[in-house]
Protein chains: 2
Amino acid sequence: MKSIKRIHKSTDADPTREKLLVAAWRIFADRGYRAATIRQISVAAGANVAAVNYHFGDKLGLYTEVVRQSMQTAEIEAVQSALDLSAPPEEILRAVIRTRVRNICRKDRPDWHFQILAHELAQPTPALRQLIEKVGRPLANRLLELIGKMIGLPANHEKTRLCAVSIMGQVVVYTFADPLLKGAWPELKLTPDQVERIADHIADFSLSYIQGFRAKTSARSIQRTRPSVKPRASK
Amino acid sequence: MKSIKRIHKSTDADPTREKLLVAAWRIFADRGYRAATIRQISVAAGANVAAVNYHFGDKLGLYTEVVRQSMQTAEIEAVQSALDLSAPPEEILRAVIRTRVRNICRKDRPDWHFQILAHELAQPTPALRQLIEKVGRPLANRLLELIGKMIGLPANHEKTRLCAVSIMGQVVVYTFADPLLKGAWPELKLTPDQVERIADHIADFSLSYIQGFRAKTSARSIQRTRPSVKPRASK
DNA sequence: GCTCAATTCAAACAGTTGTTTTATACTTCT
DNA sequence: AGAAGTATAAAACAACTGTTTGAATTGAGC
């Protein structure tokens, strides 16, 4: 086994270590793990090329630290806490969508979380698994519980999942397909006003089907939808 | 100006040129333009490393040729012709969604078009502009006309665009976020049966709002929606 | 002031990349 | 058969990558 060189300490208020992290976050979000070079990051942080290896071991160490930190930020916790509101499910869903959509127009750090996620999905790195387990899965589970409650089906029912993906798809497309949208939709400026309208639209668009589905299935009994696996008893 | 080396001829039935193209298509779709190397492509095609430069000038020449060819394939024309059907708008929309969604489960060449598009959106190359102008824009325009007709608003009205993005987002998320979905939804196998159910769901999900919107706006007069620009007279 | 560890820096290293070169086979026409 | 243009092959090239090295600099503790 290779001798593991000690990455000395992670004391707080280490100026260059900190500067490397914020520079790396921006550049990784912009170009992805592979296309970003440690020289770009170094000059952006005003540090030497060897600083990355000194403070983080190697490029992947810096990247995983960026991903790790980006998983516990205010933006993500806001979405999670929106899911924990004690309110009517419709209002919770609206809040989740609004909280999430608002992040796409931030002027300071424009949606770095989802930009990194987009790069990970296009070119996975070892960090993707961590990203799915730590944020994706728990968020998805809570969203599935919520939707299941609204349409009267178990959380792991295929219909519940289809609805969740439909909602998520409407949200993420604004981050993933941004250049495409900007190219075909010149009036898309992502001003705060417009972002609010986008969030309202996605909520209206989704709730229309969900509330209709609940009405339909509560009128008759549940039928017609064939799950790909037997739904377990919803906890 | 640099002397442009002649890329000799593009005769049909050139075995190595052809083999390079299919190998490049697969590898570019899999890893994106930058991460794919001409050595990988060469060995996959059973050709020499210099063959790429001989037949296509350089790596970007090969890539743009792949993109150019991928823009005029049966899959894309199928979606376009589905938009030209003379049928009720609802049926056209269903057909477009179904035609497009079916491509995500092909066993032979699993959705290379959208995989290349996904890579382009994450890391744009000069081919992205071409991709938007030649395929994205015309497709979007026809889809906007269709949706505008269904909700009774001009094609360039903000509400029309929001609906189009909502529909497109539901579709593309299955390609763009494939690893994420597979990770959080183990039963997602993308069998032909399941793909049909996905297509039906997206159509139902979207038509619920669209038909409700038309009913709502035809009852009262059109109001309440504030366009970001003055809608031009719908041609 | 000296010591010793922590940190920074410039330079070099080894590997990979796209590209070019040079030589060699292969076809086709006369 | 000979010539000319076409295609392939192996090798080398230059640029860039992440990483390492070793010296220089800093800064606290005695």
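1. Start with helix H4 (residues 59–70) of chain B in this predicted model. H4 has twelve residues and reaches 17 Å from its first C-alpha to its last, close to the 16 Å expected at 1.5 Å a residue. The expected span is 1.5 Å times one less than the number of residues. Helices are DSSP runs (H or I, at least four residues), numbered from the N terminus.

2. Which residues of H4(B) are buried? They are Leu62(B), Tyr63(B), Glu65(B), Val66(B), Val67(B) and Ser70(B). Buried means that 20 or more other C-beta atoms, placed from the backbone, lie within 10 Å of the residue's own. Their cover includes helix H1 (15–35), helix H3 (50–56), helix H7 (112–122) and helix H8 (127–151) of chain B.

3. On conventions: residues are numbered from 1 along each chain as its sequence is written, and chains are lettered from A in the order in which they are written. Local features need pLDDT of at least 70, side-chain atom pairs count only at pLDDT 80 or more, and totals for chains, interfaces and linings use all residues.

4. Chain A has eleven helices and zero strands. Of its 235 residues, 41% count as buried. Take the contacts in chain A with a separation of 6 or more: residues 24 or more positions apart account for 66% of them. A contact needs C-beta atoms, placed from the backbone, within 7 Å.

5. Chain A is divided into domain 1 (15–70) and domain 2 (74–219); the bounds come from an automatic or database assignment. Their C-alpha centres lie 29 Å apart. Ten residues of domain 1 are in contact with ten residues of domain 2. On the domain 1 side, H1(A) gives the most, with six residues. By class, that side has six nonpolar, three polar and one charged residues. Nonpolar here covers Ala, Val, Leu, Ile, Met, Phe, Trp, Tyr, Cys and Pro; Asp, Glu, Lys and Arg are charged; the others, Gly among them, are polar.

6. Between the chains, 45 residues of chain B are in contact with 45 residues of chain A. H9(B) gives the most to the chain B side, with eleven residues. That side divides into 25 nonpolar, 13 polar and seven charged residues.

7. The largest nonpolar core has 134 residues. Such a core joins buried Ala, Val, Leu, Ile, Met, Phe, Trp, Tyr and Cys residues through C-beta atoms within 7 Å. Those with the most contacts inside it include Val173(A) and Val173(B). Val173(A) touches Val173(B), and Met168(B) is among its other contacts, not counting residues up to four places away in sequence.

Key:
Buried ≥ 20, exposed ≤ 12 C-beta atoms within 10 Å, placed from the backbone. Contact = placed C-beta atoms within 7 Å. Helix = DSSP H or I, 4+ residues; strand = E, 2+ residues; numbered from the N terminus.
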